Amino acid sequence: MTSGALNRPLKLAIVDRWGFRMESQHVLFLGIMAFLLFVVCAPIGIMFWASLNPGWIFDGKLEITLTNYVSLLRDPFLLEAFKNTLAYGLIASVMGVALGAIFAWLLERTDLPFKAPIFFLLLIPTAIPGLIYAIAFVLLFDSHIGAVNIALAWLPYARYFQFDIQSVLGMGVVEGLRLVPGSFLMIAAVVRRMNPELEAAAHVAGAGACKTLSRITLPLAMPGILGAYIYYFISSIESFEIPAIIGVPVGIQVFATRLFFAAKPIGGLPRLDVAATWGTLFLVVSGILVWIYGRVLRHGERFASITGRGFRPRAIQLGRWRYIALGFVGCYFVLAILFPLLVLIWTSAQPYMRAPSMAGLKDLSFSSYLAVWTLPRFGFALRNTIVLILVSSTATMALAFVIAWLVVRSNVRGRRLIDFLSFTPHAIPTIVLGVGLMILFIFLVHVIPIYGTLWILVVGMVAKRISYGSRVMVASMYQIHRELEQAAAICGANMLKTFWYVTSRLVAPALQNGWLYTAIHVNSALTIPLLLHTEKNTVLPILIWSEWQDANASMATTLSVITIMFTFSLMGLLYGIVRRSEKRARLEAA
Amino acid sequence: MLKVRDLKKSFLTEGGAVQAVRGVSFEVQEGEFYTLLGPSGCGKTTTLNCIAGLERPDAGEIIIGGAVVYSSRDRIMILAHRRSIGMVFQSYAIWPHMTVFDNVAFPLVHGRQRMRKADVQERVRAALSLVRLEELGQRPAPFLSGGQQQRVALARALVQEPKLLLLDEPLSNLDAKLREEMRLELRQLVERLRITTIYVTHDQVESLSMSDRIALMLEGSMVQEGSPREIYRSPKGTFAAGFVGKINFMQGRVVQAGAEGGAGMVETPAGVLSCNALQSREGEEVLLAIRPENISIRREPSGQENNLEGVVEFAAFMGDSLECVVRVKGEMLRVKLNPTDEMVAQGTVYLHVPSQHCIVMPKTDERS
């Protein structure tokens, strides 16, 4: 090669000018940013604005006043709702986390038999939507019609054994049972990461099993348990379905139901400004709790109970206690899974609501599963539900993918802000987000006329689920070594090809899991659809809600069983995919 | 073959901008094995990524085989996938969702030069036989050992027959024994194929044994460039001397300046030593550097110059050598001996340092 050829620049035709790639990632950034601001910040902002302007939403009057806040603080219902919410949240979270911790300890640290099936059964309650779970427990423990209460009626002193579900305690217990799978997973993760040598050291020092548990294991797991506790306190006071089905009919109101009935009163005109005021207050309360949660978690990190070493600790021998432990597990399954499912199936097979009995056995017929098709809105609702699941899960995961790419791979300046904004919906109570979206789209009815259509539900679902989806995708993107993509570029693949043949293939398991998990949640979501409901966007949970409100228990339970079966099949898919990828990971490790 | 001129690159971090590369220039001839050597954070990998097109430099110029691939003045930036290079990454970057064959075939199927299926088969087979993995083509990538992954990565880098091969610490994830084998094999392979190679490493033994030329880097700048012998025998400055091999440093003062390239005298706490190639002025404070293996040891004093009397403080048997610490009037000197000298290295001993091995460097510079 001559020196002249060396110095001459060649092939200027394939030169990429500066700025091209910068621009394309900036366009993505601006688009995502605008969307997040619109679905997360705008609803909250406009809700706060509406709470200060009572006449603004419908009359367009501008008059900033604190009247709403003053009258809310004077409202005797506020104190009552506050007390109920607090008691309900306390009972639910204490129960959920205590049971979760016991299960975590039993499955992670002892030689309990049948661990694998127990683990699988423990996750089942996540497949039962809150609305359906609440209906099942009313059917089981209602003071008049509850199947269990009727079955116990023949006992002497029956009223001491009977349990009235329609109380703050009842609501708390039902929500608590529902929280068990989540809190179990959360605490099991903490227990698993705990260095077993710390326990071994206590044994060597002469401490017995009980002493080690109380002096070493529990204190070490405490930050994790406290974190789980606050997390589930927040999520239980946010939940609307259980108080609405169990408490409201007997006049027990919590924050979430007050907020809902201000926005959607059963009779009379909606007072969106009052709902906005409740919503703002609710947001402040949950914001404070989320802040405390963050503090606890940061505090917990200092408690370095965590090592990266993955060796199994010595399992504690349960001995004769294993039967008691198994009995405890059995009681939970019977109460939390078997009874609710059985009572739903029983009621769906009866022409009218009645407790299980020999007489009822003769009338057993599954004709209601055919009769649902004659419901005027069933086919419509089914179609809407499927469209909603497909569109919002796909949109959520696609957005999450782009967000993850921006956060992990790009060098846009505001990527931290995107990361933060995409997580924010997690801290906003669903019902508050729903009210915010409602006000926003009523305000924008001429600009973006989607109020009352299925599309507003899609927006609401994506806004709520984006925090989960983006967490999954960001985590998965971080796990993919940057060099895997760089290698493709070196091999001559351009950005699109790298994205298609390498990046998307590597994050595919996370995308699938995230999609199915989102689909499960969309399938069981009631709060947002109920708030934004009109005749045009009925989905299955709304149909269940209205059949139940119309005292048509047979139809409501039939629809419930159909919904649960649908969720189970989604979960089966999820389980299959997880199993397959775990198998693959094991092979790779070998 | 490769020209890098005044390359600059900085990164934005939470603590502000960090200058990773501060104006590095070098030229690599066709077929040369050129090593960028330095401690972690010296900018060697950033320099390599700039050559590959994976990083966009802030300023400078890069010319590969006569084609300008980057120039800040002419505003040219050719992206990585349009540069004709092969690269082996530190993590190997073997795609886990493909077979060995698919990994190696990727550049031919999705890369710059597409080819017919039969040709792809032929080229991949040839590349795999080059790294002695012919029989593993259909194996999924996750079922490979570290050494095999390394070979696959090499085959993938070579399958396009690139003009330039970039290697980013390719041996650092292998165990010691395999590393030694691969070092030889890699060197022989690129020599046989006559590919210009840029090699990045922090391992001085690797760099000395493999390279035609070494560029020693520190804090984003090039400290010294030269053949392995030059770098080892006449390091420029204390960093170069200390980073490549072990060395003894002593404070000293020039008592007699040397003639043009001739010997001079340096006074050290251990005694006055005659030193070669002394370019300093008389009275100047200097540093004297002596490699441990250049010091010999005797029981009796000899009449030669540069004789020092000392006491053996400590001796460690290393298998293939005997390392001693000898105290000479308060200075501790490390001495590397043949293991058969064990009987000699006890009590009072006499050290001899040939004057051509006494390296004199100015005291003022701390690092470069």
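The model is predicted, so local features need pLDDT of at least 70 and side-chain atom pairs count only at pLDDT 80 or more, while totals for chains, interfaces and linings use all residues. Residues are numbered from 1 along each chain as its sequence is written, chains are lettered from A in the order in which they are written, and side-chain values use heavy atoms, without hydrogens and water.

**Chain A**

Chain A contains 27 helices and zero strands; helices are DSSP runs of H or I with at least four residues, and strands are runs of E with at least two. The C-alpha atoms of this chain occupy a box of roughly 110 × 75 × 50 Å along the principal axes. Of its 590 residues, 51% are buried, that is, under 20% relative accessible area with a 1.4 Å probe, where exposed is over 50% and partly exposed lies in between. Contacts (heavy atoms within 4.5 Å) between residues at least 6 apart in sequence join residues at least 24 apart in 78% of cases in chain A.

Glu169(B) and Glu219(B) each have a positive phi in a residue other than glycine.
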